Amino acid sequence: MRLAANDLTFRAGGRAIVDGVSLEARPGEFLALVGPNGSGKTTVIAMLAGLKRPHGGAVTLDGRPLSGMHRRDIARVLALVEQQAETTERLTARQAVELGRTPHLGALSPWGTRDDAIVAGALEAVDMAPFAERLWHSLSGGERQRLHIARALAQEPQVLVLDEPTNHLDVEHQFGLLALVRRRGGTVLAALHDLNHAAMFADRIAVMEAGRLVAVGAPTAVLTPGLIAEVFKVAAEVEIGADARPFIRFARPALRAERRPA
Ligand SMILES: Nc1ncnc2c1ncn2[C@@H]1O[C@H](COP(=O)(O)OP(=O)(O)OP(=O)(O)O)[C@@H](O)[C@H]1O
Ligand SMILES: [Mg+2]
């Protein structure tokens with residue numbers, strides 16, 4: 001499925017925090033969205049997932065305007081893992097993941113053994129099966145994040161939209177998650193802060209700066225020392241690995257009063 005943003009604008013606090021952004025995640029591709037804090041990534045994602053209505057422009061799913069679709073119909077094909085998601089209810093880990101099945105249930109399609117199997121598979125996929133009966137509030141930040149991802153997987157979406165999904169995750173689970181969403185196929189749009197994650201897993205990378213899209217393309221085309229210096233304000237060298245993907249080596253900033261070990 002193709003998820004497209006056409007000339008999106010969103011205003012808040014008297015300015016355009018997203019300004020004329022056009023972008024598309026093509027069927028089956030992993031598109032990474034990168035950019036400094038406050039550049040508008042979460043706002044773009046909220047519009048793409050139908051949570052925020054754009055003040056200008058439109059979002060389409062396979063050419064169909066999102067604004068004309070019911071929330072439940074969107075949720076049957078698109079799942080969102082938010083940057084800041086909490087649940088206040090007293091839920092077990094399993095119940096939190098079961099919520100992912102909600103858009104598929106109805107009077108004519110009650111909960112069944114297939115739903116149980118999907119939920120079990122999603123818990124397994126994020127390495128949370130042993131925690132299934134634990135209460136939400138007893139889990140660590142990374143464990144909760146993994147459940148949010150499992151909930152989205154249980155939704156069996158054709159389009160998966162993730163806002164900083166590797167937040168709180170240890171290195172094994174960061175790579176595990178990114179490899180998992182790549183492997184499962186479908187269209188993926190993920191806001192990522194770690195440029196090396198984007199370099200390793202994305203088909204294309206879109207770069208935002210101050211509400212605008214400033215670059216989009218293959219990792220090697222986008223992640224250049226020049227762009228990294230200009231947009232992210234850090235010096236870096238970029239090596240192209242044997243897998244033809246860039247690897248970014250950030251320069252350590254100069255420290256004014258460097259303390260030396262005695
Ligand atoms: N209601 C609001 N009123 C004023 N400014 C807002 C409002 N909502 C968001 N903003 C501003 O819009 C900008 C874009 O926010 P957004 O959350 O989309 O950025 P982001 O790229 O996701 O950043 P981060 O990397 O920190 O998650 C920020 O500067 C934010 O402070
Ligand atoms: Mg954000």
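Author: Happy to! Let us begin with a term: a polar contact is a pair of N or O atoms within 3.5 Å; within protein, one must be able to donate a hydrogen and the other to accept it, and residues adjacent in sequence count only if both atoms are side-chain atoms. With that in hand, look at H193: an N or O atom of its side chain is 3.0 Å from an oxygen atom of ligand 1. Q83 also brings a polar side-chain atom to 3.0 Å from an oxygen of ligand 1, while G38 uses a backbone N or O atom, 2.8 Å from a ligand 1 oxygen. On its own, ligand 1 has 650 Å² of accessible area, and the protein covers 62% of that (Shrake-Rupley method, 1.4 Å probe; for residues, only the protein chains shown count as cover).

A word on what you are viewing. This is a predicted model, where local features need pLDDT of at least 70, side-chain atom pairs count only at pLDDT 80 or more, and totals for chains, interfaces and linings use all residues. Residues are numbered from 1 along each chain as its sequence is written, chains are lettered from A and ligands numbered from 1 in the order written, and side-chain values use heavy atoms, with hydrogens and water left out.

Now the shell. Ligand 1 is surrounded by 15 residues, and the closest are G38, G40, K41, T42 and T43 (near means a heavy atom within 4 Å). Helix α1 gives the largest share, three residues. Helices here are DSSP runs of H or I with at least four residues, strands are E runs of at least two, and both are numbered from the N terminus.

Next comes the magnesium ion, ligand 2. Its protein donors are T42 (OG1) and Q83 (OE1), 2.0 to 2.3 Å away. Donors are N, O and S atoms within 2.8 Å of the metal (3.2 Å for Na, K and Ca), and sites may look incomplete because water is not among the atoms.

Buried means under 20% relative accessible area, exposed over 50%, and partly exposed in between (1.4 Å probe, protein chains only). As for α1, seven of its eight residues are buried, so the helix is largely enclosed by the rest of the structure. K41 and T43 are among those buried residues.
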